[in-house]
Amino acid sequence: MSQKFVKVKNNNLRSNAFGKYFAKAVYDKGFVETKQLAEYIQSQASVKRSDIIAVLDELGAAMKHYFELGQKVKLEGIGIFKVGFSSIGADKVEDLGAQNITTRRVLFTPETVRVVTGQGHRANGTIYQKFAVAKQLVKDVVFEETHENAVAVAVENEG
């Protein structure tokens, strides 16, 4: 399996990339939901689907609990989740409070690994490591061009 994409032309006259073509991700219309995810995990592990569903169901509640405590949640092999928000500015510090918070969201940073690619020498004679950062979740994802949703994406881009 592979992540599908279509080729899309940038038609934004104000963009520095006007006229260039870019790959745009194409997703299936549906979602992988808890039960389907649990079925897959069950086939890969020695845990029953009903137990996995129970754990995944509680995961959301547990994450919310720790978010309310101001904590970040790290799921090893997946990444870090934390609360993000936007707020309306106030002229005086005493006028700023929780009522100014407008948009709440969950921010996600995928887990990464540092891969050493070599070493270099600084002008002062010290040695440093050169490295690349690889995102664990997507490092082996294969990409494939598709034409399945190309018409819908093209019409969406022209509007």
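The questions and answers below concern a predicted model.

Q: In what order do the three strands of the open sheet stand?
A: Strand S1, residues 3–9, pairs with strand S2, residues 21–26, in the antiparallel sense over six bridges. S1 also pairs with S8, here in the parallel sense over three bridges. The pairing in the open sheet is therefore mixed, with S2 and S8 at the edges. The order is S2-S1-S8.

Q: Why is one side of S2 and of S8 left without a neighbour in the sheet, and which strands stand at the edges?
A: The open sheet has three strands. Each edge strand has a single partner strand, so one side of each is left without a neighbour in the sheet. The strands at the edges are S2 and S8.

Q: What does the twist average from one strand to the next?
A: The sheet in question is the open one in the order S2-S1-S8, with mixed pairing. From one strand to the next, its twist averages 45°.

Q: Which residue in S8 stands opposite Phe5?
A: S1 and S8 pair in the parallel sense. Lys4 stands opposite Glu144 in S8. For Phe5, the residue opposite in S8 is Glu145.

Q: Which residue in S2 is the bridge partner of Val8?
A: S1 and S2 pair in the antiparallel sense, over six bridges. In S2, the partner of Val8 is Phe22.

Q: Is Asn10 buried or exposed, and what is its relative accessible area?
A: Asn10 lies in the loop between S1 and S2. Leaving aside neighbours within four places in sequence, its contacts are Ser15, Ala17, Phe18, Gly19, Lys20 and Phe22. Buried means under 20% relative accessible area. Asn10 is buried, at 16%.

Q: Is Asn100 buried or exposed, and what is its relative accessible area?
A: Asn100 is found in the loop between strand S4 (79–87) and strand S5 (101–110). Residues up to four places away in sequence not counted, Asn100 touches Ser86, Ser87, Ile88, Gly89, Ala90 and Asp95. With the cut-off for buried set at under 20%, Asn100 is buried, at 8%.

Q: How much accessible area do the residues of the nonpolar surface patch have together?
A: The patch is formed by Ile78, Phe108, Leu137, Val138, Val141 and Phe143. One of them, Val138, is in the loop between strand S7 (127–135) and strand S8 (143–145). Together the patch residues have an accessible area of about 530 Å².

Conventions:
Residues are numbered from 1 along each chain as its sequence is written. This is a predicted model: local features need pLDDT of at least 70, side-chain atom pairs count only at pLDDT 80 or more; totals for chains, interfaces and linings use all residues. Side-chain values use heavy atoms; hydrogens and water are left out. Patches are made of residues with over 30% relative accessible area and no salt bridge: like charges are joined within 9 Å, nonpolar side chains (Val, Leu, Ile, Met, Phe, Trp, Tyr) within 5 Å. Accessible areas come from the Shrake-Rupley method with a 1.4 Å probe; for residues, only the protein chains shown count as cover. A salt bridge is a side-chain nitrogen of Lys or Arg within 4 Å of a carboxyl oxygen of Asp or Glu. Helices (H or I, at least four residues) and strands (E, at least two) are DSSP runs, numbered from the N terminus. Two strands pair if DSSP finds at least two bridges between them. Axes are lines fitted to C-alpha atoms, for helices over the stretch in contact, and angles run from 0 to 180 degrees between N-to-C directions. Buried means under 20% relative accessible area, exposed over 50%, partly exposed in between (1.4 Å probe, protein chains only). Contact means heavy atoms within 4.5 Å.
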